[in-house]
Amino acid sequence: MDSDLMFVIGAVLVALSVPSMFSALADSRPPRAAAIILLIGGTLVVIALSQKPGGVALAQIPDIFFRVIARVVN
């Protein structure tokens, strides 16, 4: 798995875990599943960023997403 794919999967998991965490906290439930998904997504993002020698600039993030989506579609 290359670093771009890990970054995209991790970012999507982190983004999906945030509403789940707020929902669990609003219902007075422990956010166990959301915390696990957040840890997995965060770990994937950190691994992907550590594999890139120069790192990832903020302006490169949309390009990374579009490249990965284009690879999946084709």
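Residues are numbered from 1 along each chain as its sequence is written, and side-chain values use heavy atoms, with hydrogens and water left out. Because the model is predicted, local features need pLDDT of at least 70 and side-chain atom pairs count only at pLDDT 80 or more, whereas totals for chains, interfaces and linings use all residues.

The description begins with two helices, α1 (residues 3-26) and α2 (residues 32-51). Helices here are DSSP runs of H or I with at least four residues, strands are runs of E with at least two, and both are numbered from the N terminus. The axes of α1 and α2 come within 7 Å and cross at roughly 155°. Such axes are lines fitted to C-alpha atoms, for helices over the stretch in contact, and angles run from 0 to 180 degrees between N-to-C directions. The crossing angle therefore makes α1 roughly antiparallel to α2; angles over 145 degrees count as roughly antiparallel, under 35 as roughly parallel, 65 to 115 as roughly perpendicular and the rest as oblique. The contact of α1 with α2 has 17 nonpolar, seven polar and no charged residues. In this classification Ala, Val, Leu, Ile, Met, Phe, Trp, Tyr, Cys and Pro are nonpolar, Asp, Glu, Lys and Arg are charged, and the others, Gly among them, are polar.

Ser 17 belongs to helix α1. Ser 17 is buried, with a relative accessible area of 1%; buried means under 20% relative accessible area, exposed over 50%, and partly exposed in between, with a 1.4 Å probe and protein chains only. Not counting residues up to four places away in sequence, Ser 17 touches Ala 34, Ile 37 and Leu 38, where contact means heavy atoms within 4.5 Å.

Ser 28 is located in the loop between α1 and α2. At 69% relative accessibility, Ser 28 counts as exposed. Although not a glycine, Ser 28 has a positive phi of about 60°. Most residues other than glycine have a negative phi. Arg 32, in helix α2, is also exposed, at 62% relative accessibility. Arg 32 and Met 21 are 11 residues apart in sequence, and their C-alpha atoms are 8.4 Å apart in space.

Leaving aside residues up to four places away in sequence, Phe 7 touches Val 45, Ala 48, Leu 49, Ile 61, Ile 64 and Phe 65.

The axes of α1 and α3 are 9 Å apart, and the two helices pack at an angle of about 105°. This angle makes α1 roughly perpendicular to α3. From α1, the contact is made by Asp 4, Leu 5, Phe 7, Val 8, Ala 11 and Val 12, and from α3 by Ile 61, Ile 64, Phe 65, Arg 67, Val 68 and Arg 71. By class, these residues divide into nine nonpolar, no polar and three charged.
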